[in-house]
Amino acid sequence: MSRRITGLWLVLAALSGGVAVATGAYASHGLGDPRAVELFRIAGQYQMWHALGLGGVAALARFGAGEGRAGWLLAVAGWCFVAGTVLFCGALYLLAIQGPSPLGAVAPVGGIAFMVGWLALAGVGVRWMAGPARNGG
């Protein structure tokens, strides 16, 4: 797997984690509506967990797990975590700030992207269990 893509995932993971912290601070100090605070809290938690997951994907890819079919599955996991963060968390942040809008309909798509990402990561583990370690599955 390319060092450039692996590096991109690490950068996106770090930026996403930082945004999750910032949105948590904003929710605590800048929002007065309890519903908006709750939406920010939920979005921030999902964003942070998936920032950590994306950091794990970057580490696995960097240190040898990004070869063969396992590498393809790792890429699927990484891109799904990115897409889920933008779609799911982004929709919740917008809902909290602007109220209901048609963009809220993308939140379930982001949730599905998160689930596909975790399934792809599980697929990496299955490939490792089924094949020799040196060819990446």
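Tyr 46 is partly exposed, at 39% relative accessibility. The model behind this value is predicted.

**The Tyr 46 pair**

Across the whole structure, a search finds seven aromatic pairs. Two are described here, beginning with the one that holds Tyr 46. The ring centres of Tyr 46 and Phe 114 lie 6.1 Å apart, with the planes at 25 degrees, so this pair is stacked. Planes under 30 degrees apart count as stacked. Tyr 46 belongs to helix α2 and Phe 114 to helix α4 (residues 107-130), so the contact ties together parts that are 68 residues apart in sequence. Phe 114 is buried, and its relative accessible area is 4%.

**The Tyr 26 pair**

Tyr 26 sits in helix α1 (residues 3-30) and Phe 40 in helix α2 (residues 34-65), so parts 14 residues apart in sequence are tied together. Tyr 26 is partly exposed at 40% relative accessibility. Phe 40 is buried, with a relative accessible area of 4%.

| Pair | Centre distance | Plane angle | Class |
|---|---|---|---|
| Tyr 46 and Phe 114 | 6.1 Å | 25 degrees | stacked |

**A charge over a ring**

One further contact involves Arg 62 and Phe 63. The charged end of Arg 62 sits over the Phe 63 ring, 5.7 Å from the ring centre.

Definitions and conventions
Residues numbered from 1 in each chain as written. Predicted model: local features only at pLDDT ≥ 70, side-chain atom pairs only at ≥ 80, totals over all residues. Heavy atoms only, no water. Phe/Tyr/Trp six-rings, centres within 6.5 Å; stacked < 30°, edge-to-face > 60°. Helix = DSSP H or I, 4+ residues; strand = E, 2+ residues; numbered from the N terminus. Buried < 20%, exposed > 50% of the residue type's maximum accessible area, 1.4 Å probe, protein only. Lys NZ or Arg CZ within 6 Å of the ring centre and 35° of its normal.
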